[in-house]
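The following paragraphs guide a reader who is new to this structure. Please keep the sequence and the model in view while reading.

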Amino acid sequence: MPSSQYATPKWWKEAVVYQIYPASFKSSKPPAQADGWGDVRGIREKVPYLKSLGVDVVWTSPIYKSPQVDMGYDISDYKSIDSRYGTMADVDLLIETLKEHDMKLMMDLVVTHTSDQHGWFLESARSKNSSKRDWYIWKPPRGYDSVGNPLPPNNWAQILNDSHSAWTWSEATQEFYLTLHTPEQVDLNWENPDVVAAVHDVMHFWLSRGVSGFRMDVINLISKNSSFPDAPVIDPGCEFQPGERFYTNGPRFHEFMHGMYENVLSKYDTITVGETAYVSDISEIIKTVGSTAKELNMIFIFDHMEIADVKTKGDSKWSFRDWKLTELKQIFSKWQRNMIEWDGWNALFLECHDQARSVSRYVDDSDKFRTRGSKLLALLQSTLGGTLYLYQGQEIGMRNFPADWNPDVDYKDVESLNFWQQTKKLYSNDPVQIEKARELLQKKARDHARTPMQWNNESNSGFAASNITPWMRMNDDFRIVNVKAQMECESRDLSVWQYWQLVLRERKTYKDAFVYGDYQDLDFEKEQIYAYLRTGAQTKQKWLVVLNWTGEDVAWKIPGSVEVDWMAPSSIQRHIPVGDGATIRLQAWEGVMIRCKSG
C-alpha cells in the first residue's frame, strides 16, 4: 500500500449507507388519512429493519417543503418539512430513533437551485431593484425574433429537457433567469456572498439538529462561466445545445467547496458525498476527495452508469448500446486503483433514485436469473474499496417494471415525460421511433427506481393502506419479490435479502481487506469472468473474488500466483465448485469469494 491516508480508519469509510426515496419507502398513515405517499414516520418504523440488514447511515432524498415538480429537488423552504412527509418533530424523532440504534441520518442538500416558489426567488423576481435580485442569475434577452419574442441569453439546453432553453422568461421584469434543470428550478447565484452565507446557515441548521452529513445534489454546478458563452453546436437539428462545459466544476467551484468545509463541515464530524456529473478526470476529482483536499469525503462517479450510452454527437442518456464485461471491469478497476494511488476515496453505488435498477441494467433480471444476478452484484459491491451505498429495494433485487406500462399513465418522472412528449411530437407518424422511445424508457427511466417499496404480498405490498392508490404504481412482481418472503426464506441458497445481510456482515468483519485493502485485477481480458484480489492493508490477508458474468456455466483456472486456502472458505460460500487442480466451475451468474494464503 502507498504511504497515504487511504487506509486510515474513519467511521464514514466503513459505513453502509442506505438511500431512501421517501415518497416510495413506507407510509405510516392510517386508512382515514392515507394519501399514497411515504412519510418520515414510515422511515422511523423501519429503522429496526435497516439495522438488522446491516445499515449504519440512512440517507433520505429531499423531505423539505416543495411543490414537488421534481419530487422534492425543487425546494421552497430549506427549514421546513413538506406536509406530505410529516413535521419537523417527526424528523427529530427519526434522528433520536436512529441514534438509539447506533445509526445516523444523512440529508440531501440541494443548493445549486431552489424552487421558483422559494421566498428568496419570489423576492428576487419582484423587481429589478429587489434586495435579492442578484441571489439568482438574471440576464436581458440577447435580442428579439422577427415577431418580437425575446431570445434567451445563450443557446444552453435544459438538462431534463434538452429541446428547451435553460433560460426562463420573466414577463414582469423583462429578463431571463437561469433554470438548468426545469423552469421551476432556479439556479442560485453563488457569486453573491449572501447566497453562500445563506447556504452555510442551512447546513448549520441541520447539523446542529443532529443530522450527520449531506449528499450534495449536482454540487459541481454551483460555479458557472460568468461570461455565459454559447455552447458548441453538437446537434445542428436542435435549437439548444448542451452547455455543461460552462457550468461544471467552474472557475470558483473549489473555492466555494473549500469555504463550505472551513465554515461549516469542519465544525462537525460529518459524512459528505457529492453528486458530480460530467467529471471523470482523476486529477480534477482528487481536488475534491483527496485526503488533504478539505472539501468532501467522496463523490459519486458515473462512468459505470453511462456504460450503455452512445457517446457520439447528438446522443444523450436516451440512447443505448451493448457493452462488454471488459469495459465494466476497466471502469471499476480504474477507480479502485485511482483512489488508492491518488489518496482519495470511492463511493460505491450501483443504484440510486436517478438510475434504473441494477439487476436490469448489468445482469439478467429474468425470473430464472434475477436472484442469482442480484447476489452477484451484492458480492461485487461488498468486496470493493470505498463507502458502500445501498438503494431501497436493491437488497431484495427489485427490477425495472415491465415494458407494457403506459408512458402516458404509469411514468411519473419529469425527465421521462419530457422525453416521451417530445418524441411523440417529433415522430407522431413514425411508429418505429415511438417504439424505440418506449424501449429506452423501459431500460433507462428514473421511474424504475421510484416504484413503492415491496414489503409483503398483500394489497399495496404493505407500502400504504390498502384503500388508496399509491402515488406511483406498484411493480407487478411484488407478490413474489418482497421483503417478508425473503426474510423468511428457508432455502439453503439464501434469498437476495439474506445474502445482502451476510455480505455486509463479512465486509465489516474483514474491513481491512474489503474497505481499506489493495485491489488487483486478474485475467482482465476474459469476457466471461470478473476476478480480482483484495489484500488487507494491515493484515495482508488475501481474498479472491470470482464472478461469472454470463448465463452459462463457466470454468475458470486460478492463476498460479494465487494460492487458495481451501481449508478456510468464507461463510458466504456454502459450496465452492472446484474442478481438476485449481479450476473453479461457476454456474450462470454465480460469484464466489475464497480466502487465499498470505505471503
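Is T387 buried or exposed? The model is a predicted one, and in it T387 has a relative accessible area of 0%. Buried means under 20% relative accessible area, and T387 is therefore buried.

T387 belongs to strand β17, which covers residues 387-391. Its side chain takes part in polar interactions: a polar atom of the T387 side chain lies 2.8 Å from the backbone oxygen of W12, and the side chain of T387 also makes a polar contact with the side chain of W345, at 2.9 Å. With neighbours within four places in sequence left aside, the residues in contact with T387 include K13, A15, V17, M298 and L348.

V17 stands opposite V57 in β2, and strand β1 (residues 16-20) runs parallel to β2, joined to it by 4 bridges. Strand β2 (residues 57-60) is also joined by 4 bridges to strand β5 (residues 104-109), again in parallel; here T60 stands opposite M107 in β5. Both faces of β2 are covered, with V57 and W59 buried on one side and V58 and T60 buried on the other.

A further sheet can be considered next. It is open, has 3 strands in the order β7-β11-β10, and its pairing is antiparallel. The edge strands, β7 (138-139) and β10 (167-170), each pair on one side only. Between β10 and strand β11 (residues 175-178) the antiparallel pairing extends over 4 bridges, and T168 stands opposite Y177 in β11.

How values were computed
Residues numbered from 1 in each chain as written. Predicted model: local features only at pLDDT ≥ 70, side-chain atom pairs only at ≥ 80, totals over all residues. Heavy atoms only, no water. Pairing = 2+ DSSP bridges. Helix = DSSP H or I, 4+ residues; strand = E, 2+ residues; numbered from the N terminus. Buried < 20%, exposed > 50% of the residue type's maximum accessible area, 1.4 Å probe, protein only. Polar contact = N/O pair within 3.5 Å; in protein donor to acceptor, adjacent residues only side chain to side chain. Contact = heavy atoms within 4.5 Å.
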